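Please find below a colleague's note on the structure.

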Amino acid sequence: MSKHILLICLCLLLRLHGTVCSNPLSHLCFSQGRYIVKSPYHFNLNFLLNSLSKTTSPTGFALGSDGEGQYRVNGLALCRGDVSTEDCKTCVAEASIEIGQRCHANKGAAIWYDYCLLKYSNLEIFGEIDNQYRFYMSNVQEVCNPVEFNAKVKYLLSAVSSKAYASPELYAIGELELEASQKLYGLAQCTRDLSSANCQSCLDEAISELPNCCNAKRGGRVVGGSCNFRYELYPFVKA
């Protein structure tokens with residue numbers, strides 16, 4: 001089967017599952033130089049992205065490298081901890097296509113969806129906290145009792161973060177009872193190439209961004225290349 005037919009089949013599959021990924025949350029094309037189309041780096045990158053889309057779905061995480069010297073490319077993919085195998089596979093496959101379109105010929109790039117993260121680079125990226133890019137998302141609505149609410153958000157995220165960096169999956173969710181039978185829901189996750197200590201450091205720094213990203217907001221998240229957190233006043237993960 002030719003590469004063109006494979007691409008068409010993959011695109012049709014992604015359209016059938018379009019609600020899984022929809023639009024990316026964000027993407028970043030690193031300023032690490034550019035590769036020549038159809039060069040060894042381009043070939044190695046395509047091979048790696050294809051490999052990651054196949055190997056991520058059973059475990060929710062995969063990393064790998066291909067090539068040597070100036071043609072070596074490193075990459076990883078991570079799915080949200082509650083995402084099914086099928087949805088994980090679909091998200092990473094779509095990310096592999098989209099990142100090539102948005103960051104054509106860039107030697108390093110990352111793309112984020114609700115369900116997954118995919119990134120690659122010609123530099124060594126494994127085991128190090130990625131602070132190159134971090135973005136915020138928050139609910140436009142604000143709460144009536146900001147001081148008390150902000151304190152509870154930080155308390156929940158700190159507790160969920162502690163559970164995450166202590167777990168093998170570096171992922172945890174939690175909830176906190178509020179007044180009037182309302183609950184606050186939280187999630188924290190790191191890429192599994194990090195040590196527990198680096199995961200803790202990454203999440204601590206992300207949570208310190210709460211005043212900048214989500215002050216008094218009914219929901220919000222801080223997302224980066226190595227870790228992320230999210231909180232909402234409604235359940236947002238699958239049971």
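1. Confidence. The model is a predicted one. The mean pLDDT of the protein chain is 90, and 90% of the residues score at least 70. Residues 1–19 have a pLDDT below 50, and beyond near neighbours in sequence this stretch makes 11 contacts in the model.

2. The five-stranded sheet. An open sheet is formed by five strands in the order β1-β4-β5-β3-β2, with antiparallel pairing. The edges are held by β1 (26–29) and β2 (61–66); each has a single partner strand, so one side of each is left without a neighbour in the sheet. On average, neighbouring strands of this sheet are turned by 5° against each other, direction ignored.

3. The pairing of β2 with β3. Six bridges link β2 and strand β3 (residues 73–79) in the antiparallel sense. Within this pair, Gly-64 is placed opposite Gly-75 of β3.

4. Helices on this sheet. Helix α3 (residues 40–59) lies across β2, β3 and β5 (116–121), and runs at about 160° to β2. Helix α4 (residues 85–102) also packs on the sheet, where it touches β1, β3, β4 (109–112) and β5; the direction of α4 makes about 45° with that of β5.

5. Strand β9 and its partners. β9 pairs with strand β6 (residues 134–138) in the antiparallel sense over five bridges, and Ser-138 stands opposite Gly-220 in β9. β9 is also joined to β10 by four bridges, again with the strands running antiparallel. Here Arg-221 faces Arg-230 of β10 as its opposite residue, and a hairpin of two residues connects β9 to β10.

6. Burial of β9. How many of the five residues of β9 are buried? Five of the five are, and the strand is mostly covered. Both faces are involved: Gly-220, Val-222 and Gly-224 are buried on one side, and Arg-221 and Val-223 are buried on the other.

7. Helix α6. The 12 residues of α6 (residues 196–207) should span 16 Å at 1.5 Å a residue, and the end C-alpha atoms are 16 Å apart, which agrees. The buried residues of this helix include Cys-199, Cys-202, Leu-203, Ala-206 and Ile-207. These residues lie on the same side of α6, because they cover an arc of only 130° around the axis. In general, an α-helix has 3.6 residues a turn, so residues three or four places apart point the same way. Among the elements that cover the buried residues of α6 are α5 (146–165), β8 (183–190), α7 (210–214), β9 (220–224) and β10 (227–232).

8. Two residues with positive phi. Lys-38 has a positive phi of about 70° although it is not a glycine, and its place is the loop between β1 and α3. Ala-105, likewise not a glycine, has a positive phi of about 70° and is found in the loop between α4 and β4.

9. Setting of these two residues. Is Lys-38 buried or exposed? Lys-38 counts as exposed because its relative accessibility is 79%, where exposed means over 50%. Ala-105 has a relative accessible area of 5% and is therefore buried, the limit for that term being under 20%.

Key: Residues numbered from 1 in each chain as written. Predicted model: local features only at pLDDT ≥ 70, side-chain atom pairs only at ≥ 80, totals over all residues. Heavy atoms only, no water. Expected span 1.5 Å × (residues − 1). Buried < 20%, exposed > 50% of the residue type's maximum accessible area, 1.4 Å probe, protein only. Arc of directions from axis to C-beta. Contact = heavy atoms within 4.5 Å. pLDDT = per-residue confidence, 0-100. Pairing = 2+ DSSP bridges. Axes fitted to C-alpha atoms, helices over the stretch in contact; angles between N-to-C directions.
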